[in-house]
Amino acid sequence: MSEAHNEHESAIKTPKQLITVVILAFLIPILGIMLLVQYVTSDKLTGAGSNSQEPGAVESRIQPVADEGFKLAGASGPKVLQSGEEVYKASCQACHGSGAAGAPKVGDAAAWSARIAKGYEGLMKTAIAGLNGMPAKGGNADLDDVEIGRAIVFMANQSGAKFKEPEAAAPAAAAAAGSASAAALSADAGKKVYDAACVACHGAGVAGAPKFGDKAAWTDRIKQGNPALYEHAIKGFQGKAGMMPAKGGSSASDDEIKAAVDYMTAAVK
């Protein structure tokens, strides 16, 4: 009887032991959870979602869908000129392929003979300016004169002519032409751009901008050379006393901005 009674006796015999057991009953599961969390998070996370807040990942998520897979050519990059056949198919074939609206059909020697007699230069003038319902440059104002010339040669030579295809201008010649164009533009557009976009700051010397006509303020800047001045004006520039916005905050073209710079620098030379 005594042995059976001893088997059913509790191991907890004092209030102190009871408190200890209760505390352990709470602490042991909590410690177990803490150790489990530490184990799970101790290794560096990899895979989807692990870098979701990094700048690159954020930029990728907010990038317009329409931009995916496309790369825009730099605005200052050289234009890739189309061949005569490409220009013909894109801008000339609608009329010259069928003879519509009185256009001489490609391959029709009789229709082209009088036109070929004008010579290459004569056909160029007609194609560039337009004639008798034919729009200037076939309705594509973005075509370069060389591209127009190539299209003329492509059509005329299939119709009895033996014109030589025009060559694109050499880089140096193109650069010289660009400089001449900018110089011509500066005489006409420089003041207009200055009055519209530059006078607000350069007229009064606001935010550290060199005041128009102030030779002392412009001397050190002019020493940097025109390329540096053009770049600052087109792209914007952070000065010591203020920020000049790109293109003075205007929508003027690069050549127009250069013309405005030339106009301002010429006033102190």
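Because the model is predicted, local features are reported at pLDDT of at least 70 and side-chain atom pairs at pLDDT 80 or more, whereas totals for chains, interfaces and linings use all residues. Residues are numbered from 1 along each chain as its sequence is written, and side-chain values use heavy atoms, with hydrogens and water left out.

A pair of aromatic rings is described by the distance of the centres and the angle of the planes. Rings of Phe, Tyr and Trp (for Trp, the six-membered ring) are taken as a pair if their centres lie within 6.5 Å, and the pair is called stacked when the planes are under 30 degrees apart, edge-to-face when they are over 60, and tilted for the rest. By this rule the count comes to five aromatic pairs. In one of them, the ring centres of Tyr194 and Tyr263 are 5.6 Å apart and the planes stand at 50°, so the pair is tilted. Tyr194 belongs to helix H8 (residues 171–202) and Tyr263 to helix H11 (residues 254–266), so this pair ties together parts that are 69 residues apart in sequence; helices (H or I, at least four residues) and strands (E, at least two) are DSSP runs, numbered from the N terminus. Tyr194 is buried at a relative accessible area of 6%, while Tyr263, at 24%, counts as partly exposed.

Tyr263 also pairs with Phe212: the ring centres are 5.3 Å apart and the planes at 20°, so the pair is stacked. Phe212 lies in the loop between H8 and helix H9 (215–223), and Tyr263 in H11, so the pair ties together parts that are 51 residues apart in sequence. Phe212 is partly exposed, with a relative accessible area of 27%, and Tyr194, Phe212 and Tyr263 form one aromatic cluster.

The loop between H8 and H9 also holds Ala207, which is partly exposed at a relative accessible area of 43%. Its C-alpha atom is separated by 5.4 Å from that of Ala241, a residue 34 places away along the chain. When residues up to four places away in sequence are not counted, Ala207 touches Ala241 and Gly242, contact being defined as heavy atoms within 4.5 Å.

In helix H10 (residues 226–235), the buried residues are Leu229, Tyr230, Ala233 and Ile234. These residues cover an arc of only 125° around the axis, which puts them on the same side of H10; the arc is that of the directions from the helix axis to the C-beta atoms. The buried residues of H10 pack against H9, strand E2 (243–244) and H11, whereas the face turned away from the buried side carries the exposed residues Pro227 and Lys235. Just after H10, Gly236 takes a positive phi of about 95°.

Helix H6 (residues 119–129) contains the buried residues Gly119, Tyr120, Leu123, Met124 and Ala127, and what covers them includes helix H5 (109–116) and helix H7 (145–157). H6 is followed by Gly130, whose phi is positive, near 90°. In the loop between H6 and H7 lies Lys137, which counts as buried at 17% relative accessibility. Apart from its neighbours within four places in sequence, Lys137 is in contact with Ala127, Ile128, Leu143, Asp145 and Ile148.

Notes:
Buried < 20%, exposed > 50% of the residue type's maximum accessible area, 1.4 Å probe, protein only.
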